[in-house]
Amino acid sequence: GGNAEELCFPLITIALYKGLKAVVKGDGLPQKADALICGILAGALFWVKYTFVGFFAGFCIFIIVMAIKRKAFLKLWSLIWRFVAGVIIITIPVILYFVFTKSLNYLWESYFYDNMAFYLIKGESSNPITGIPVIENIVVTFYCLINSSLDYPSFGILMLLSIASMFFVEKSKRLKT
């Protein structure tokens, strides 16, 4: 390996663990230290490949909804500034590197502008349904899952068991929201 996805999988796994720990063992909101750790992880993932931040977007939306539902606005504010502080901790050295090497314009051009332009060009399609990037990503994901399950039956069995296991969790073990 050596792909960004493979190298960042442990970071995403840690963030997922912190989120699930808050839901299963806590009140649905992460601890303050976990918010800082997730911010650091989000910053690192952003600078490796910014599309990884989509996971954190969904995670943050969940936390905001839970905090509003529980009327925990002070804790929400505390979590937000800790998360942002974690992102800043990682971002400052990255920006400073590009400033000191006088290549900030290359950072903007290659990491942001070119990547966004190429994603948009890649998303063009003659098919009106799969030409929509969100739908195309969903279709491609299911296609890959089905193909992987057919090529590797053990993967398919584990995937089905994982999905089915969600329906067999005892009511007493579920988080009451």
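Biologist: Is F46 buried, exposed or partly exposed, and what is its relative accessibility?

Modeller: This is a predicted model, and F46 counts as partly exposed in it, with a relative accessibility of 24%. The reasoning rests on cut-offs: a residue is buried under 20% relative accessible area and exposed over 50%. F46 lies in between because its value is 24%.

Biologist: With which residue does F46 form an edge-to-face aromatic pair?

Modeller: Planes over 60 degrees apart count as edge-to-face. F46 pairs with W47 in this way, at 4.9 Å centre to centre and with 85° between the planes. W47 has a relative accessible area of 16% and is therefore buried.

Biologist: How do Y111 and F112 pair?

Modeller: Y111 and F112 form an edge-to-face pair, with 5.0 Å between centres and 80° between the planes. Y111 is buried at 13% relative accessible area, and F112 is buried at 14%.

Biologist: Which residues do ring pairs link into a cluster?

Modeller: The cluster consists of F46, W47, Y50, W108, Y111 and F112. In total, the structure holds 14 aromatic pairs.

Biologist: Over the face of which residue does K49 lie?

Modeller: K49 lies over the face of F52, at 5.9 Å from the ring centre.

Biologist: How many helices and strands does the protein have?

Modeller: The protein has seven helices and zero strands. Of its 177 residues, 22% are buried. Among contacts with a separation of 6 or more, 71% join residues 24 or more positions apart. The protein exposes about 12,700 Å², and carbon and sulfur atoms supply 73% of that area.

Methods
Residues are numbered from 1 along each chain as its sequence is written. This is a predicted model: local features need pLDDT of at least 70, side-chain atom pairs count only at pLDDT 80 or more; totals for chains, interfaces and linings use all residues. Side-chain values use heavy atoms; hydrogens and water are left out. Helices (H or I, at least four residues) and strands (E, at least two) are DSSP runs, numbered from the N terminus. Buried means under 20% relative accessible area, exposed over 50%, partly exposed in between (1.4 Å probe, protein chains only). Contact means heavy atoms within 4.5 Å. Accessible areas come from the Shrake-Rupley method with a 1.4 Å probe; for residues, only the protein chains shown count as cover. Rings of Phe, Tyr and Trp (its six-membered ring) pair if their centres lie within 6.5 Å; planes under 30 degrees apart count as stacked, over 60 as edge-to-face and the rest as tilted. A charge sits over a ring if NZ of Lys or CZ of Arg is within 6 Å of the ring centre and within 35 degrees of the ring normal.
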